[in-house]
Amino acid sequence: RFLGCEDHDTYFTNTQRHRIVYEILARTAYGKRKRAEIGIERLLNEGAYSAAFPLHEGPFEISAFEVDPEQLNSRQVIFQYWGRWSKWYKYQPLDHIREYFGEKIAIYFAWLGFYTAWLLPAAAMGTFVFISGIISMGTNTPAEEICSSGGTYHMCPLCDACSTWNISDICSMAKLGYLFDHPGTVFFSVFMSLWAVTFLEYWKRKNATLAHHWDCMDFQEEEERPRPEFAAMAPAMEQNPVTGVKEPYFPEKARLSRMLTGSMVIVIMLCVVMIFLVTVIMYRGIVSMMMYHTESTVLRTQAGNIANISSSMVNLALILLMGQVYTALAEQLTKWEMHRTQTQYEDAFTFKVFVFQFVNFYSSPFYVAFFKGRFVGYPGHYGKLFGMRNEDCGPGGCLIELAEQLFIIMVGKQIISNIQEFVIPKVKAWLQKRQIGAVRGSRISQEPKRWEEDYELIKCEGLFEEYLEMVLQFGFITIFVAAFPLAPLFALLNNWVEIRLDAQKFVCEYRRPVAERAQDIGVWFNILEALSHLSVIVNAFLIAFTSDFLPRLLYQYKFDSNLHGYVNFTLAHAPPSYMDGNYTQCRYKSFRDDSGNYTLFYWELLAVRLGFIIAFEHVVFLILRAIDWIVPDVPESLALKIKRERYLAKQALADNQDAVLR
């Protein structure tokens, strides 16, 4: 009853044939069904076979001579028109990718391409905001006052053994700080919050269109088979209530107790991350102290900056190391929890790794944004940790330090990941070839078979690491965008490279994976939505408490619209009790009186900050809800097409019944 079914050779595509063969292999018993000795996956798990994979359509290389495109195999076609570096500006041939690799991989590349295209306006706006900051640097009155102050403002010592210094020494950092802390960054924060939600709304539409086009709109696994590891390790057999077949069973109560134990391990690992964070803070303090005691004026004034950059690099190394350790630990924990199906296993593993990587990557930026400089105290009453004075923000403010951290962590992670993605598959493939060469021995002169050539390639590692990398990047460009407007630009440049690297991996370096069906990007979409909403709250607090935007605005409203005298207004006098034979009268940055108590302006500013957070969140979330309501999840033209198809299906069914009755 299906069109074209008479031609047995061409009716099913090669990808569909692979899926059918894999389904047969996965369901075939090789031993006793009572012991769940079923399927190729369990045989692989037990080491009976070293690998099982569909073959590629042939080599991907194309001869140097002119070849008719009609004569190219499917692998050569997607390499020629997609996998090569010279095709970076071309649209991705998603239908060809889907035909060759299946819907699950095609959906990933569709999402990655869509996300990269949407980064263009975000990158353009971020670059514009950054350039506008450079152009308007000359209008920054507080920076001009700092630079022209000379020896007017003697600042209190930065450490117990240090001497006073002049605020004019930080002239360059005061000017540079304006690039990351000017009114344009507030606008850009709102813009990126709206961008994130609009992007996700339009991805839903694109996803619905692709799912319909690829005929997997209503696809879901009706009843997944148990995982081979689960089948091998389950202590009992029970009847499946859906299929009625006896299959391996693990008590739910035992699984819950294991999951609870696993969550305790996660908490311990998160505590380890916090310990490393404190270690990095102490390292920063020690480096700063060493700089303060040098003879060089430049090193003394730039001590905080140098300490921040070097500690960010140390932090990045610790982040990457902890990420590798925890991913391996999370894999073992998830296996130990005995999840029945592959979907349950992947969801549990994704949750564990994402929660850890979220804290791992974002704990340091969160500390700089919201805690650094909050517990310093004031002269004579400084707060201390392990005998060291608590950290204060550098000369340019905490926002420029946050921008430095984000640049080093985000861009450093991207560069290292891309190098790993380029080098590691080639090293693995070389080792694989050496192993096979040793096995072949005397047969090395013979022409290798297709399956031997494909066995030389490395096993496909799935899409988990690819999605995780992109989702963490999405967090960087939305959550802390107020401090680093160039983040979308660096993300865009990285993604152009990422698409090419991933394409080359799948076409040239990986064994062909079994094609899997999928209708969306799964649990990752929920994580992206959560990050987009979190970004609104974080950016509101960032502008209110970390930026100088609101203090300047309130000063303009109350005292001087041109900010004349603002620097003097923000500097408090050290209490008389602090002065002794070692120090002259000195100033420090805070809204306090001569006794060290907060001034009325401080409390007014606190009220303005809290009011701004409430107003910012309510306005942005209201607009987000409006966008959600205005933009339908399924395009109108597609909705009509689906209704038409359902109508025709009912008509065909009715006509068929009439024909049978006659």
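Predicted model: local features only at pLDDT ≥ 70, side-chain atom pairs only at ≥ 80, totals over all residues.
Colleague: Why is the contact between glutamate 46 and arginine 42 called a salt bridge?

Modeller: The closest N and O atoms of glutamate 46 and arginine 42 are 3.0 Å apart, and because a salt bridge asks for a side-chain nitrogen of Lys or Arg within 4 Å of a carboxyl oxygen of Asp or Glu, the pair is given that name.

Colleague: What makes arginine 42 count as buried, and is glutamate 46 buried or partly exposed?

Modeller: Arginine 42 has 8% relative accessibility, and because buried means under 20%, arginine 42 counts as buried; glutamate 46, at 45%, falls between that cut-off and the 50% above which a residue is exposed, so glutamate 46 counts as partly exposed.

Colleague: Why can the pair of glutamate 103 and arginine 517 be said to tie together parts that are apart in sequence?

Modeller: Their side chains meet in a salt bridge, at 3.9 Å from N to O, and because glutamate 103 lies in helix H5 while arginine 517 lies in the loop between helix H17 and helix H18, the pair ties together parts 414 residues apart in sequence.

Colleague: How do you know that lysine 204 is buried?

Modeller: The relative accessible area of lysine 204 is 18%, and because the cut-off for buried is under 20%, lysine 204 is buried, whereas its salt-bridge partner, aspartate 633, counts as partly exposed at 37%.

Colleague: How many salt bridges does a search of the whole structure find?

Modeller: The search finds 22 salt bridges.

Key: Residues numbered from 1 in each chain as written. Heavy atoms only, no water. Buried < 20%, exposed > 50% of the residue type's maximum accessible area, 1.4 Å probe, protein only. Helix = DSSP H or I, 4+ residues; strand = E, 2+ residues; numbered from the N terminus.
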